[in-house]
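Student: I've never read a protein structure before. Could we go through one together, feature by feature?

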Amino acid sequence: DTATTTVDADGDGVVDIIQVEEIPEDILLDFDITIEDMEANRATIMPDSPFHIFKRFGHAVTEAVTFDPVAKAELRLEHANDYLAETIQMIEEDGMENVDHGAVTAAIERYESKVEQITGQVEDVKAEKVTQSEAVNTFLDDFVDKQLTQQKVLDNIAEDVIEVKETAAATGVVVDVAIEQIVAVVEDVKGEVMSDFTEILSGVEDTPEDMATRLSTVMDEQE
């Protein structure tokens, strides 16, 4: 199956209609995604820690002193991935019922914000195709692969919340109101990230066909 999206894929000021292969349900609904599957390390400082702000400051400094556009984009992708991995680690360790729900929503929003920062680098990354095409291709493959995995993680988080609510309803337990916000934030972030995903991929690829081919290839490798 295919999905239709509209973007100015070739930068000529004219909106192009692109058909890309839809992500199959059996891929999106695979909820057994581990931190190892995300190619992230287990965190020692979690998002609910008061020291996490220093960790984020360190990330910002590292990004600021990384001047190569492709390396900076890779670094931001790594940091975004880490923020989402930390989120599921918190949930694993504390359980969805007991985890700090505010910390979960903040971490998910932080992940989206980091992905959005990559959109501001699209032109710089594309310009690097002239001198380091292999590095750009590696970044795009990694970007698509991680985005597909991260969408599964977001679905997993929402599913965890739904299960907690269903169990609570069946047993007459009142759930924290803040847990309701997690599903809403997940849905908002999924939409924002997919918009960022399309903007980045279509902005760096030369043609809509290249974009569709890369997406299809990475999806096949994940199956």
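Student: Let's start with Phe-54: is Phe-54 buried or exposed?

Tutor: The idea is to ask how much of a residue's area a probe can reach: buried means under 20% relative accessible area, exposed means over 50%, and partly exposed is in between, using a 1.4 Å probe and protein chains only. Phe-54 has a relative accessible area of 58%, so Phe-54 is exposed. Before we go on, this is a predicted model, where local features need pLDDT of at least 70 and side-chain atom pairs count only at pLDDT 80 or more, while totals for chains, interfaces and linings use all residues. Residues are numbered from 1 along each chain as its sequence is written, and side-chain values use heavy atoms, leaving out hydrogens and water.

Student: How many helices and strands does the chain have?

Tutor: Helices (H or I, at least four residues) and strands (E, at least two) are DSSP runs, numbered from the N terminus. This chain comes to 8 helices and 2 strands, and from the N terminus on the order is β-β-α-α-α-α-α-α-α-α. Phe-54, for instance, sits in helix α2, residues 52-64. As for the inside, buried residues make up 46% of the 223 residues.

Student: What span should helix α7 have?

Tutor: You take 1.5 Å times one less than the number of residues. Helix α7 has 28 residues (177-204), so it should span 40 Å, and its end C-alpha atoms are 42 Å apart, which agrees.

Student: Which residue caps the N-terminal end of α7?

Tutor: That's Asp-176, with a side-chain oxygen 3.0 Å from the backbone nitrogen of Ala-178.

Student: How many aromatic pairs are there?

Tutor: Rings of Phe, Tyr and Trp (its six-membered ring) pair if their centres lie within 6.5 Å; planes under 30 degrees apart count as stacked, over 60 as edge-to-face, and the rest as tilted. The count here is 2 aromatic pairs. Phe-139 and Phe-143 are stacked, at 5.8 Å centre to centre with 25 degrees between the planes. They both lie in helix α6 (residues 133-171), 4 residues apart, about one turn of the helix. Then come Phe-143 and Phe-197: their ring centres are 5.6 Å apart and their planes are at 20 degrees, so this pair is stacked. With Phe-143 in helix α6 and Phe-197 in helix α7, 54 residues apart, this pair links distant parts of the chain.

Student: What do the ring pairs make of Phe-139, Phe-143 and Phe-197?

Tutor: They link them into a cluster. Phe-139 and Phe-143 are buried, and Phe-197 is buried as well.

Student: How many salt bridges does the structure hold?

Tutor: A salt bridge is a side-chain nitrogen of Lys or Arg within 4 Å of a carboxyl oxygen of Asp or Glu. The structure holds 12 of them. One of them joins Glu-86 and Lys-55, whose closest N and O atoms are 2.4 Å apart. It links distant parts of the chain, with Glu-86 in helix α3 (residues 69-94) and Lys-55 in helix α2, 31 residues apart. Glu-86, at 3% relative accessible area, is buried, whereas Lys-55, at 22%, is partly exposed.

Student: Which residue forms a salt bridge with Asp-141?

Tutor: Arg-214 does, with the closest N and O atoms 2.8 Å apart. Asp-141 lies in helix α6 and Arg-214 in helix α8 (residues 208-222), so the pair ties together parts 73 residues apart in sequence. Asp-141 is partly exposed at 35%, and Arg-214 is buried at 12%.

Student: Which residues are linked in a network of salt bridges?

Tutor: Glu-39, Asp-142 and Lys-146 are linked that way.

Methods
Polar contact = N/O pair within 3.5 Å; in protein donor to acceptor, adjacent residues only side chain to side chain.
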